[in-house]
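Please study the sequence and the model before reading each solution.

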Amino acid sequence: MMNLHVISLGCDKNRVDTEKMLYRLRGQFNITDDMADADVIIINTCGFILSAREESINTILEAANYKKDGKCRKLIVTGCLAQKYASELKEDLPEVDAFLGTNDYDKIGEALEGEEVICYNSANPCEEIGERILTTPPHFAYLKIADGCDNRCTYCTIPSIRGRYRSTDIESLLGEAKSLSDSGVKELILVAQDVTRYGIDLYGEYKLVELIRRLSELDFSWIRLMYCYPELVTDKLIDEIKNNPKVAKYIDIPLQHVDGDILKKMNRLSTEQSIYEVLNKLKEAGIAVRTTLMTGFPTESDEQFDKLYNFVLDNKLRHVGVFAYSDEDTPSSKMKGKVPNYVRHNRAKKIAMAHKNNVKEYNKSMIGKTVRVLYEDVDYDKMLFKGRTEDCAPDIDTYVYFKSDFADVGKFYNVKITGYKGYDLIGELVNE
């Protein structure tokens, strides 16, 4: 049996696509972590912004070396980069045997069997399947509840790559979630380009709260919500997060900015007032907030940036990701008043530093407190166990490092915080 190496780049929605693609190939390959040992290499790419495209191209070129000088017999490129740039990639990367777009994962078997280079870029989505081969640790998994996006933010390429918003029906999602729960998954993370829009296209009304309640009947400890647009974070949703014991007291809301004029030019539906209103409600409900902010959007003045900077200083959100605006093939690229690149990045660094100071203040306040931690791994450099609290998502948020004689991956432990380092907390196991 041949060896298969798979690389999934970009977002967690891409990871779910990769896992379902692996299921389609079940029984045909041995999965290997070593690219040099692979007969077949599949790279599921991201094409969201320039840095993501560069990472994808560099990864393809690295894999192509193994096809030229190593064991690899077939190299396949899938995902967002292939969906948007298939014809250019086919010409520039003759080493690649097939390009499959985001609607073509069901053709992976055909691509592997083909002798000639084939190139798909289907307009219609492939049939969704619920079965997957997890690439995450066994105690958490992502559930992609919808694909595509209808929001049409002026800086975003996702609608042109992934198409219109398409919810997966509730019964299919419940079946997929049941399979994950039965396999031992304790944390289920709901993802889509816009989780809060779930169901409007299928049912004519928003169905996220109903979906959460149905999922809560399964054996999960945490159900986590990612990528919720602020204008659809309703009182009903906030109450569900607050009062449902299965739902993590955490929400990811990509705000991007708080200045009204910038939000309008981004084609965001929120206003400065509505953002503060929803954040105040979430704070009162005890729900931790993660957000993403953008600096250097066209026409952003010093005063508008200062408003964003002061927003970060004053609100002290639990987690803040920040990135500098990048010109893409979107309406914003045609706008006048471009902010110099170095200014965009300097502003992003200033926001990041403000958030880091907020985190330091928060971490100091946690010393002496006991928190519930989901244990995940051992950090051998630190010689400490590593896990997450309820207000931290995997891979993107902070960790708790703690001392213990033993810990079982995927289990919960009470940890007393004794200190911190950088963004992360340090503690020791409390005897139960």
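**Exercise 1.** In this predicted model, is Trp222 buried or exposed?

*Solution.* The relative accessible area of Trp222 is 3%. Buried means under 20%, so Trp222 is buried.

**Exercise 2.** Determine how Trp222 and Phe412 are arranged as an aromatic pair.

*Solution.* A pair of aromatic rings is described by the distance of the centres and the angle of the planes. For Trp222 and Phe412, the centres are 5.1 Å apart and the angle between the planes is 75°. Planes over 60 degrees apart count as edge-to-face, and the pair of Trp222 and Phe412 is therefore edge-to-face. Trp222 belongs to strand S11 (residues 222-225) and Phe412 to strand S18 (residues 412-421); the pair thus links distant parts of the chain, 190 residues apart.

**Exercise 3.** Classify the pair of Tyr276 and Phe311, and state which helices hold the two residues.

*Solution.* The ring centres of Tyr276 and Phe311 lie 5.7 Å apart with the planes at 90°, so this pair is edge-to-face. Helix H11 (residues 272-284) holds Tyr276 and helix H12 (residues 302-315) holds Phe311, so the pair ties together parts 35 residues apart in sequence. Tyr276 has a relative accessible area of 28% and is partly exposed, whereas Phe311, at 2%, is buried.

**Exercise 4.** Over which ring does the charged end of Arg224 sit?

*Solution.* The charged end of Arg224 sits over the ring of Tyr250, 4.6 Å from its centre. The charged end of Arg26 sits over the ring of Tyr23, at 3.9 Å from the centre.

Key: Residues are numbered from 1 along each chain as its sequence is written. This is a predicted model: local features need pLDDT of at least 70, side-chain atom pairs count only at pLDDT 80 or more; totals for chains, interfaces and linings use all residues. Side-chain values use heavy atoms; hydrogens and water are left out. Rings of Phe, Tyr and Trp (its six-membered ring) pair if their centres lie within 6.5 Å; planes under 30 degrees apart count as stacked, over 60 as edge-to-face and the rest as tilted. Helices (H or I, at least four residues) and strands (E, at least two) are DSSP runs, numbered from the N terminus. Buried means under 20% relative accessible area, exposed over 50%, partly exposed in between (1.4 Å probe, protein chains only). A charge sits over a ring if NZ of Lys or CZ of Arg is within 6 Å of the ring centre and within 35 degrees of the ring normal.
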